[in-house]
Amino acid sequence: MMDLLPLIVAKYNYWLYVILMMIGLYAMIAKNNLIKKLVGMNIFQTAIILFYVSIGYKRDATIPIIQNAHGGHDAHAAVIHAADYINPLPHVLMLTAIVVSVATFGVAMALAVRVYQRYQTLEEDELRMRLVDIGPEK
Amino acid sequence: MNNYPALIVVAPLLAALFAGLAAWIEERLSYPIALVGLAVSMFSAFKVLMQVIDSGAIQYRMAGWAPPMGIEYRIDLLNAMVLLLVSGIAFLNLIASYKSVDQEINDRAGSFYTIYLLFVTGLLGVTATGDLFNLYVLIEITSLTSYAMVALGDRDRGPLASLNYVFIGVIGASFYLLGVGYLYMQTGSLNMADVANILSGIHGSSTVLVAFILCMIGIWIKMALFPLHVWLPNAYSYSPVAFARIVAPLMTKVMVYVMIRMMITVFGREYIFETLNLADAVVWLATIAIIAGAAMAISQKNLKKMLTYIIVCEIGYMVGGAWMGNQLGMTGAILHILNDALMTFALFLAVGNMVYKLKTVDLIDLKGLFGKMPWTMTGFVLAAFSIIGVPPTCGFFSKWYLILGAFEAGAYHFAAALVISSLLCAVLFFKIFEISFFEPMSKGHGESHASVAIEEAPVSMLVVSGLVSLSLIIAGLYSGTIVNTIILPFLK
Amino acid sequence: MHWPIDLIVLTFVIFCAIAAISVKDLLGTAILFGAYSFMMCLLWAVMGAVDVAFTEASVGAGVSTVFFVAAVFRTSRRTKD
Amino acid sequence: MKFIGFIVVCLTGVLLLYGTGEFPDWGDPNSPASVHLSNDYIEKAVEQTQVPNLVTAVLADYRGFDTMFETAVIFCAGLACFLLLRDFSPKKERFYRHTPTGVILHIKDSKKVLKTGKEFEHMAKEWVPSDLIIKTICRILIPFIQIYALYVVAHGDFSPGGGFPGGVIFGSSLILLAISYDLKTLVRRIKEKVIGIYAALGVLIYVGIAAICMPMGGNFLDYSALAPLVPGDPHHVRALGMLGVEIGVGIAVTAVMAIIYINIVSEGRHDEGL
C-alpha cells in the first residue's frame with residue numbers, strides 16, 4: 001500500500017488524461033446528437049492538451065518567463081538555471097493545438113447549422129431517415 | 001542564399017492570401033494570382049529536385065535556427081519527387097478548373113481559389129517538413145480546407161458528409177498528435193532526424209510502441225486504409241469537381257508518403273521489421289483492403305463513387321508494398337505514389353469533363369458517350385488501362401515491382417489480391433466502355449441517333465486531360481529512369 | 001507541489017465533462033462545457049502553463065461557448081441523449 | 001453503436017495506459033522532455049532573442065513557422081465559415097417598425113424593401129425591448145476590453161499573452177457589442193468587406209514579415225536579417241519582429257472570430273442574431 005501511493009502521485013495525471021480522452025472518444029462515437037459529438041470532440045482535444053502540459057511540468061520550477069530580464073541589457077549578467085523554469089516547448093505546441101481546435105470547432109458548428117437548415121434535425125437516427133426520404137442520390 | 005525549399009510552400013501561401021484579399025476587392029484577379037503562385041511553387045520544386053539529384057539532400061533552416069531547436073525542411077529524393085508531383089498536379093488542375101469553377105461556384109470563385117491554394121500549401125508543407133509537430137499543423141490545414149470543400153459540393157448531402165468527415169478527421173489527427181506526444185515524452189525532441197537518432201537507443205520501450213501504433217492509426221485514418229475508409233467515398237464524391245480532382249489523387253498519396261517517411265526516417269526500418277512483428281498483419285490488412293475496395297467499387301452505380309472505392313483499393317497496394325519489408329516492395333510503393341497520383345488525376349479529369357457536360361455521372365448516363373465526347377473518353381480509356389495495369393502505361397510497372405516484392409517476401413496472398421483486383425478493375429472498366437461505346441445515346445436529348453453531335457468540354461480542360469493521359473505512358477516508359485535515379489538512391 | 005488542489009480540480013474537470021455530454025439540454029451542455037474549459041484552464045495555470053491557460057480562458061471558456069450558444073440558437077436545444 | 005463505441009474506447013484506453021507504464025514520473029526534472037531541448041531554450045532564448053517570455057520566444061521565433069500555419073488555419077476557418085454559411089439572398093419575411101407610432105410592419109414579399117432611416121427601423125424577428133442597463137454597461141466596458149486586448153498583444157513578449165489571446169479578446173469585444181445591441185449595429189460599424197480584408201491582411205502581415213527576410217539575405221522568418229530596416233538597437237530586432245508578427249496574428253484572429261460569430265448566429269444573412 002505504501003508503495004502504491006507514490007506511484008499514484010507520480011502518474012495520476014496521466015491516468016486522468018486517459019479517462020478524459022475516453023469520455024470524449026465515447027461521446028464522439030456513441031452519442032446520437034451531432035452537437036454532443038462536437039462536445040466530445042472538444043473534450044478529446046483538451047485531454048490531449050492536458051497530456052502535453054503534463055509533460056512540460058517540472059517540480060520546483062516556475063512559469064517560463066525569465067525573471068529580471070525586463071531591462072534587456074543587464075539580462076546577460078544574470079545566470080539562468082534551466083532547472084528553475086518549466087519546459088516552454090509543450091506550451092508552445094499546445095497554443096497551436098488550441099487554435100487548431102477552436103478553428104475546427106467553428107467550422108464544425110457552421111456545418112451543424114447547415115445540416116439543421118437542410119434537415120431540421122441534428123439527431124443522427126432522424127438524419128438517417130431523412131436521407132432515405134430524399135431517395136437515391138443523383 | 002538558396003531559398004527555393006521555402007518558396008515551394010510559401011509561394012502558394014502568399015498567393016492564397018493575396019487571392020483572399022482580391023476576393024473582396026476585385027474577384028477576377030484571384031485566378032491569375034493563384035496561377036502565378038502555383039507556377040512559382042512548381043518551378044521551385046523542379047529546381048529543388050534537380051539540386052537534390054545532383055548533390056544530395058537539402059536542409060533548410062526556418063528562421064535560421066539549427067535543427068533540433070528550430071524547424072527545418074529536409075528535402076531528399078523522395079520529398080523532392082512528391083513535391084514536384086503535388087505542385088505540378090495542383091497547377092495543371094488549376095488550369096482545368098477555370099471553367100468548372102465558373103459553372104459550379106460562380107459567385108464565390110475568389111474564396112474557392114483561396115481555399116484551394118491553402119489546401120495545396122498544406123499538402124506541400126506536409127511533404128517538405130522535417131518536424132513532427134509542423135506536420136500535424138499542416139495536416140490540419142489540409143483537413144480544414146477539405147471539410148469546407150466537401151460541404152460546398154452537394155447541397156443535400158455535402159454538409160452531413162463533411163461533418164462526419166470532421167469527426168473522423170479530428171480523431172485521426174488527434175491520434176497522430178498523441179503519438180507525437182508519446183514520442184516527445186521519451187525523446188524530448190520533435191525534429192524527425194533527431195528523434196530517429198534518440199529512438200535507436202530505446203527500441204524496447206512500451207511508450208515508443210504505443211507512439212508508433214498511435215501515429216500509424218492516425219495516418220491510416222487520414223489515408224483511408226480499408227476498415228478506416230468510411231469517410232472517403234462520401235467526402236470525395238460530394239465535393240465540387242474542381243476540388244475532387246485534386247483531393248482524390250493527392251491527399252491519400254501524400255498521407256502514404258507520410259507513412260513511408262515515418263517508417264523509414266523516424267522509426268527506422270530496423271525497428272519496424274525486426275523489433276516489431278506487425279508487418280505480416282499489416283500486409284494481410286492491405287490484402288483485405290485491396291479485395292474489399294475492388295469489390296465495393298464494382299457494386300457502385302455512380303462513376304464518381306466507383307472511382308473513390310478504387311482509391312481505397314489502391315491505398316491497399318501502397319500500404320502492402322511499404323510493409324513488405326524488402327527493397328522491391330518499397331520501390332513499388334513509392335513508384336505507385338507517383339503513378340497512382342497521375343492515374344487518379346487523369347481519371348478524375350475525364351470525369352470532370354463529363355460532369356461539366358452531363359451534370360450527373362451515373363453509369364446509365366454514360367450511354368453513347370464515345371460519340372459525344374471522343375477526346376475525353378480517350379483520356380479515360382488510357383487512365384483506365386493504367387489502373388488495370390496494361391503494359392505500356394505506368395500502372396503496370398509499379399504493380400510489377402509490388403508483385404516481385406510480394407514474391408520475395410513470400411506474401412503470395414498479396415500478389416494474388418493484386419492480380420484479382422486488377423481483373424476486377426478490368427471487368428469494371430470494360431463495363432463502362434461497353435455502356436459508353438455500344439449502347440446508343442439515351443433518348444430525351446432531342447437528337448436523332450444518326451448524327452451524334454460532338455459536344456466536348458472546354459479546350460482548357462481537354463488539353464490538361466490529354467497531357468496527363470499522355471504522361472501516363474511517358475511515366476511508364478521512363479519508369480526505369482525514375483527508379484534508378486530517385487527511388488533506389490533514396491532507399492540505400 | 002499542490003497535488004491536493006490539482007486532484008480536486010481534476011475531479012471537477014471529469015465531473016463537468018461527464019455532465020456536459022449527458023445533460024439533456026444543449027444550452028445546459030454549452031454552459032457545462034464552458035465550466036469544463038474554465039476548470040481545465042485552472043488546471044493548466046496550476047501546472048505553470050500560464051500562456052496556455054490564458055489562451056484557453058479566452059478561447060475555450062469564452063469564444064467557444066459563444067459560438068456554441070449561437071449555434072444552439074440557430075438549431076435546437078433538443079437532444080435525445 | 002454504443003456497444004461498439006464502448007469496446008473501441010476501452011481498447012484505446014488500455015493502449016494508452018499501457019503506454020504510460022514507462023513514463024517518467026510526473027514533474028520529474030530529469031525526464032527526457034525536460035532535459036533534451038528545453039534547457040537550450042531556457043538558457044539561450046533571452047540572450048538570443050531579448051524576449052523574457054520563453055513561450056513567446058519559442059512560439060514566434062524558434063517555431064515561428066508553426067505559428068504562421070496556425071494563423072493560416074484560423075484564416076482558413078473564417079473563410080470556411082463564410083463559404084459554408086454566407087447567404088446573399090434577402091430573407092423572405094422582414095419586420096419594420098414605424099418609429100414615430102411604434103407600429104410594426106410585417107413584409108412577406110422579398111422584393112419589397114423599405115428604406116430604413118428616420119421613419120422606419122429594421123427589426124429582428126425575435127425582437128426584445130433593448131435593456132438600458134446592459135447597453136450602458138457594455139458601452140462602458142467595450143473600450144476597456146479592447147484596450148486590454150491591445151495590451152495583451154503588445155505585452156506578449158514580457159507576460160503571458162500574445163497575438164492569439166489578444167485577438168480573441170478583441171474579437172469577443174466585438175461579439176459583446178453584437179450581443180448587447182444587435183447584430184445590425186456591429187455589421188453597420190464594421191463592414192463585412194473590411195472584416196474579410198483584415199482577416200487576410202493579418203496573416204499577410206505575418207507571412208510578409210517572414211518573406212521579406214529572404215530578399216534581405218536571411219532564411220525565411222529570420223528576423224535578424226531585418227536589422228537594416230529597423231531603427232534602434234539591432235539586438236532587439238528579433239523582439240521587434242516577434243511583435244510585428246503578433247500584431248498580424250491579433251488582427252487575423254480578431255477578424256476571424258467576428259466572421260465566425262456573425263455567420264453562425266445569423267445563418268449567413270448578417271441581419272439578425274442573438
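Trainee: What percentage of the contacts in chain A with a separation of 6 or more is accounted for by residues 24 or more positions apart?

Mentor: This is a predicted model, and every value in it is computed. The secondary structure of chain A comes to 4 helices and 0 strands, in the pattern α-α-α-α along the sequence. Among the contacts of chain A with a separation of 6 or more, the share from residues 24 or more positions apart is 56%.

Trainee: What percentage of the residues in chain A is buried?

Mentor: A residue counts as buried when its relative accessible area is under 20%. Chain A exposes about 4800 Å², and carbon and sulfur atoms supply 60% of that area. Of the 138 residues in chain A, the buried ones make up 67%.

Trainee: Which helix of chain A gives the most to the nonpolar patch?

Mentor: The patch covers about 390 Å² and is made by Leu4(A), Leu7(A), Ile8(A), Trp15(A) and Leu17(D). With 4 residues, the element of chain A that gives the most is helix 1, residues 4-30.

Trainee: Why does Trp15(A) count as partly exposed?

Mentor: The class called partly exposed lies between the limits of under 20% for buried and over 50% for exposed. Trp15(A) falls in this class because its relative accessibility is 31%.

Trainee: Which chains share the most contacts?

Mentor: There are 5 pairs of chains in contact. Chain B and chain C are joined by no contact, and their closest C-alpha atoms lie 14 Å apart. The contact between chain B and chain D takes 62 residues from chain B and 54 residues from chain D. The pair that shares the most contacts is chains B and D.

Trainee: Which three residues supply more than any other three of the area that chain B buries against chain D?

Mentor: The size of an interface is often given as the accessible area lost when the parts come together. For chain B and chain D this buried area is about 5400 Å², with 75% given by carbon and sulfur atoms. On the side of chain B, 17% of the area buried against chain D is supplied by Trp24(B), Trp65(B) and Met69(B).

Trainee: Which helix of chain B gives the most to the side of chain B that touches chain D?

Mentor: The rule finds 12 residue pairs in polar contact across this interface, both residues being at pLDDT 80 or more. Elements that give two or more residues to this side of chain B include strand 1 (58-61), helix 4 (109-128) and helix 6 (158-187). The element that gives the most, with 12 residues, is helix 1 of chain B.

Trainee: How far apart are the closest N and O atoms of Asp131(B) and Arg63(D)?

Mentor: Across the interface of chain B and chain D, the rule finds 1 salt bridge. Asp131(B) and Arg63(D) form a salt bridge, and their closest N and O atoms are apart by 2.7 Å.

Trainee: Is Ser162(B) buried or exposed?

Mentor: Ser162(B) has its place in helix 6 of chain B. Its side chain reaches the backbone oxygen of Tyr147(B) at 2.8 Å. Beyond its neighbours within four places in sequence, Ser162(B) is in contact with residues including Leu111(A) and Val150(B). Because its relative accessible area is 0%, Ser162(B) is buried.

Trainee: Which side chain meets that of Glu267(D) in a salt bridge?

Mentor: In the contact between chain D and chain C, 25 residues of chain D touch 17 residues of chain C. The area buried between these chains is about 1800 Å², and carbon and sulfur atoms give 76% of it. The rule finds 1 salt bridge across this interface. At 3.7 Å, N to O, the side chain that meets Glu267(D) is that of Arg74(C).

Trainee: How many residues of helix 4 of chain D are buried?

Mentor: At the start of this helix, a side-chain oxygen of Asn53(D) reaches to within 3.2 Å of the backbone nitrogen of Val55(D). The buried residues of helix 4 of chain D pack against elements including helix 3 (89-119) of chain A and helix 3 (50-74) of chain C. Leu54(D) and Tyr62(D) are among the buried residues. Helix 4 of chain D, residues 54-62, is mostly covered, and the buried count is 9 of its 9 residues.

Key: Residues are numbered from 1 along each chain as its sequence is written. Chains are lettered from A and ligands numbered from 1 in the order in which they are written. This is a predicted model: local features need pLDDT of at least 70, side-chain atom pairs count only at pLDDT 80 or more; totals for chains, interfaces and linings use all residues. Side-chain values use heavy atoms; hydrogens and water are left out. Buried means under 20% relative accessible area, exposed over 50%, partly exposed in between (1.4 Å probe, protein chains only). Contact means heavy atoms within 4.5 Å. Accessible areas come from the Shrake-Rupley method with a 1.4 Å probe; for residues, only the protein chains shown count as cover. Patches are made of residues with over 30% relative accessible area and no salt bridge: like charges are joined within 9 Å, nonpolar side chains (Val, Leu, Ile, Met, Phe, Trp, Tyr) within 5 Å. A salt bridge is a side-chain nitrogen of Lys or Arg within 4 Å of a carboxyl oxygen of Asp or Glu. Buried area is the accessible area (1.4 Å probe) that two parts lose on being put together, summed over both. A polar contact is a pair of N or O atoms within 3.5 Å; within protein, one must be able to donate a hydrogen and the other to accept it, and residues adjacent in sequence count only if both atoms are side-chain atoms.
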